[in-house]
Amino acid sequence: MFPADARDRQATFEATVQNHVASVGLAVPRVLLACEDPAPIGRPFLLMERVPGQMQLVAALAGKKVLRRIPELIVEALVRMPRQLADAQRCLHALDAAPLRARLEEAGLPSTMYTIDGRHDDVQTRIRNSGASDFEPLLEWLANHPPPEPGTPVICHGDFNPPNVLTAEGQITGLIDWSGATLAEPAWEVANSRMPLALNPFDVPRLFALIAGAVRRRAAQAYFDAYCEASPSDAPLDRERLAWYEVLVAMRMLFRTVEDRRNDAHGRDGRRANPWLARGATRPLIRYLRELTGLAIPIGLAEE
């Protein structure tokens, strides 16, 4: 079921993307029914195939005696998972994006739903309509530091991270949640994966917080290194482009948190939907934005 604030035609969009990517052989659940009409069950919805498996790392954490398996879990987080993510992404990015674009156009879906310009314009419009003036310096930075002319777009998942990668017996069985699918250059995908891997908040006992943070940052670097190793030598990942996309990704994450906080979505259900609502969670994200842009972003921006 789609949330109340989902974009118009989101169900058709995701169904079109998933069925195309499944048709060319990737492990993606096929959509059997996409319903835009909220009347049947109260919201637009998708009915799709069920795929086996659990989210990456969940299987490794399941069961008893987790503490005894800490070395095994660290190897999983620092070696196997990053490599698996990078390899799967490279398979997706190797697909020809033109047939998917044709399907999206045939379905009458506007390009603003699946292009970088569309995603940038969407967050820019929402920021300015909300009167969130603290974000204006970031919008100006993005406008004044455009990346070099992008290359040929590829199919990007848009949220290619462990919660959306199902595995069983060490193999990927399903890639889920294609709401952020975008036809863009690979740097957009890498920005959307590397930053959450390193910075997304999660609940751990305070005693383990520093260790967990260090492991996460190393896992993000291992993923990035693995992706770069797999890139063809004539198409290396451009660091200038990556920085621009990471600023865009971080700004979207931060503004979504401001929106949720203003909409009083900080209760139990809202916290599950947006982990950045936890007090202090956005501080590493704001610090990273400062490092990328040199801007004096208010540290309490998303905690007011």
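Me: Why does C156 count as buried?
Reply: This is a predicted model. In it, C156 has 0% relative accessibility. Buried means under 20%, so C156 counts as buried.

Me: What makes C228 partly exposed?
Reply: C228 has a relative accessible area of 26%. The buried class lies under 20% and the exposed class over 50%. A value of 26% falls in between, so C228 is partly exposed.

Me: How do you know what span to expect for helix α7?
Reply: Helix α7 covers residues 186–199, which is 14 residues. At 1.5 Å a residue, 20 Å is expected. From first C-alpha to last, α7 reaches 20 Å, close to that expected value.

Me: What makes α7 mostly covered?
Reply: Twelve of its 14 residues are buried. Among them are W188, R194, M195 and L199.

Me: How many aromatic pairs are there, and why is F135 with F255 called edge-to-face?
Reply: A search of the whole structure finds three aromatic pairs. The ring centres of F135 and F255 are 5.4 Å apart, and their planes stand at 85°. Pairing requires centres within 6.5 Å, and edge-to-face requires over 60 degrees. Both conditions hold, so the pair is edge-to-face.

Me: What does the pair of F135 and F255 tie together?
Reply: F135 lies in the loop between α5 and α6, while F255 lies in helix α9, so the pair ties together parts that are 120 residues apart in sequence. Both F135 and F255 are buried.

Me: What makes W244 and Y245 an aromatic pair, and which cluster are they in?
Reply: Their centres are 5.4 Å apart, with 85° between the planes. That pair is edge-to-face. Both W244 and Y245 are buried. Ring pairs link W188, W244 and Y245 into a cluster.

Me: Where do R194 and R7 sit relative to rings?
Reply: R194 lies over the face of F224, at 4.3 Å from the ring centre. The charged end of R7 sits over the ring of F13, 5.6 Å from its centre. The distance limit is 6 Å.

Me: How many cavities of 30 Å³ or more are there, and which residues line the largest cavity?
Reply: The count comes to one cavity of 30 Å³ or more. The largest cavity has a volume of about 30 Å³. Its lining includes F13, Y114 and C156.

Me: Which elements each supply at least two residues of that lining?
Reply: They are α1, α4, β4 and β7.

Terms used:
Residues are numbered from 1 along each chain as its sequence is written. This is a predicted model: local features need pLDDT of at least 70, side-chain atom pairs count only at pLDDT 80 or more; totals for chains, interfaces and linings use all residues. Side-chain values use heavy atoms; hydrogens and water are left out. Buried means under 20% relative accessible area, exposed over 50%, partly exposed in between (1.4 Å probe, protein chains only). Helices (H or I, at least four residues) and strands (E, at least two) are DSSP runs, numbered from the N terminus. The expected span of a helix is 1.5 Å times one less than its number of residues. Rings of Phe, Tyr and Trp (its six-membered ring) pair if their centres lie within 6.5 Å; planes under 30 degrees apart count as stacked, over 60 as edge-to-face and the rest as tilted. A charge sits over a ring if NZ of Lys or CZ of Arg is within 6 Å of the ring centre and within 35 degrees of the ring normal. On a 1 Å grid over the protein atoms alone, a cavity is a set of points where a 1.4 Å probe fits but cannot get out, and a pocket is an open set with protein on both sides within 12 Å along at least five of seven lines; lining residues have an atom within 4 Å of a point. Grid points are joined across faces, edges and corners, and a volume is the space filled by probe spheres set on the points.
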